[in-house]
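Grab a pencil and try each exercise before you read its solution. Here is what you'll be working with.

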Amino acid sequence: MSRLPPLTVTDLDDSQRAVFDAICRGPRGERLRKLGPVGPFGVWVRSPTIGDAVQTFGAAVRFQTRLPERTKEVAICTVGAHYRAKFEFAAHAALATTAGVPAAVVDAIRRNEPPEFDRADDALSYRIARQLLLDHRIDDALYAEAKSAFGEGGVIELVTIIGYYGLVSLTLNAFEVPLTADMKDPFPR
């Protein structure tokens, strides 16, 4: 049960509607136009100043980096599983498989078991995310490997993605944001 009452577009005041419209103008828009303010956006539109800043930042992190979709989705799923953020993991598990991440890898991440990767860049993305989530830093050897594989800018982008999706996951968990009807609960109690 969500800690926030459900919202429809007609419930939004002018400043909230401006944030929702800004989200809908971007790549996330098609789904949200159909569903309304759901997921983390259903939280953030309630605080328009924060909501607008976070959605703008999130659009850059998600859609304007040089990293391959697979690399991003492995990291995002790793963050979602770490925090057991149901909405986040359910949404990005589907995006990960669409990007080519094998379903068995996504499921191992969900179960918090070491995945058997067939690609070194997927494994590296996972290892970086796990090390940041568990140790709160990246050791020198892993950093050197990441810099060699992704370049300095790519490492900056990957770390930023991991941090952003930590914010998303914590937001979803704090407000107990429910899944949409088309999502399957990845972490049933």
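**Exercise 1. A charged pair**

Is R111 buried, partly exposed or exposed? Then work out which partner its side chain meets in a salt bridge.

*Solution.* Before you start, note that this is a predicted model: local features need pLDDT of at least 70, side-chain atom pairs count only at pLDDT 80 or more, and totals for chains, interfaces and linings use all residues. Residues are numbered from 1 along each chain as its sequence is written, and side-chain values use heavy atoms, with hydrogens and water left out.

Step 1: Buried means under 20% relative accessible area, exposed means over 50%, and partly exposed is in between (1.4 Å probe, protein chains only).

Step 2: R111 has 36% relative accessibility, so it counts as partly exposed.

Step 3: look for the partner. A salt bridge here is a side-chain nitrogen of Lys or Arg within 4 Å of a carboxyl oxygen of Asp or Glu. R111 meets E113 that way, at 2.7 Å from N to O. E113 is partly exposed, at 34%.

Step 4: take in a bigger group.

**Exercise 2. Bridges across the sequence**

How many salt bridges does a search of the whole structure find?

*Solution.* Step 1: the search finds 14 salt bridges.

Step 1: take E176 and R3, whose side chains meet at 3.3 Å, N to O. (Helices, H or I and at least four residues, are DSSP runs numbered from the N terminus.) E176 is partly exposed at 34%, while R3 counts as exposed at 56%.

Step 2: now R70 and D118, which meet in a salt bridge at 3.8 Å, N to O. R70 is buried at 12%, but D118 is exposed at 60%.

**Exercise 3. Getting to know α5**

How many of the residues of α5 are buried, and what covers them?

*Solution.* Step 1: check the helix itself. α5 has 15 residues and reaches 21 Å from its first C-alpha to its last, close to the expected 21 Å. The expected span is 1.5 Å times one less than the number of residues.

Step 1: count the buried ones. That's 12 of the 15, so α5 is largely enclosed by the rest of the structure.

Step 2: see what does the covering. It includes α4, α6, α7, α8 and α9.

Step 3: zoom in on T71, which lies in α5 (residues 69–83). T71 counts as buried because its relative accessibility is 0%. Setting aside neighbours within four places in sequence, T71 is in contact (heavy atoms within 4.5 Å) with D121, D122, S125, F150 and L158.

Step 4: step off the end. R84 follows α5, and its phi is positive, near 50°.

**Exercise 4. The nonpolar core**

Which residues have the most contacts inside the largest nonpolar core?

*Solution.* Step 1: know what you're after. A nonpolar core is a set of buried Ala, Val, Leu, Ile, Met, Phe, Trp, Tyr and Cys residues joined through side-chain atoms within 4.5 Å.

Step 1: the largest one has 37 residues, and I128, F150 and I162 have the most contacts inside it. α9 gives the most to this core, with 11 residues.

Step 2: follow one residue. Not counting residues up to four places away in sequence, I162 touches A75, V79, I128, A129 and L132.

Step 3: there's also a second, separate core of 12 residues, which includes C77, V105, I109 and F187.

**Exercise 5. Aromatic rings**

How many aromatic pairs does a search of the whole structure find?

*Solution.* Step 1: use the rule. Rings of Phe, Tyr and Trp (its six-membered ring) pair if their centres lie within 6.5 Å; planes under 30 degrees apart count as stacked, over 60 as edge-to-face and the rest as tilted. The search finds 6 aromatic pairs.

Step 1: F57 and Y164 form an edge-to-face pair, 5.7 Å centre to centre with 75° between the planes. F57 is in helix α4 and Y164 in helix α9, 107 residues apart.

Step 2: F57 is partly exposed at 42%, whereas Y164 is buried at 4%.

Technical notes:
Helices (H or I, at least four residues) and strands (E, at least two) are DSSP runs, numbered from the N terminus.
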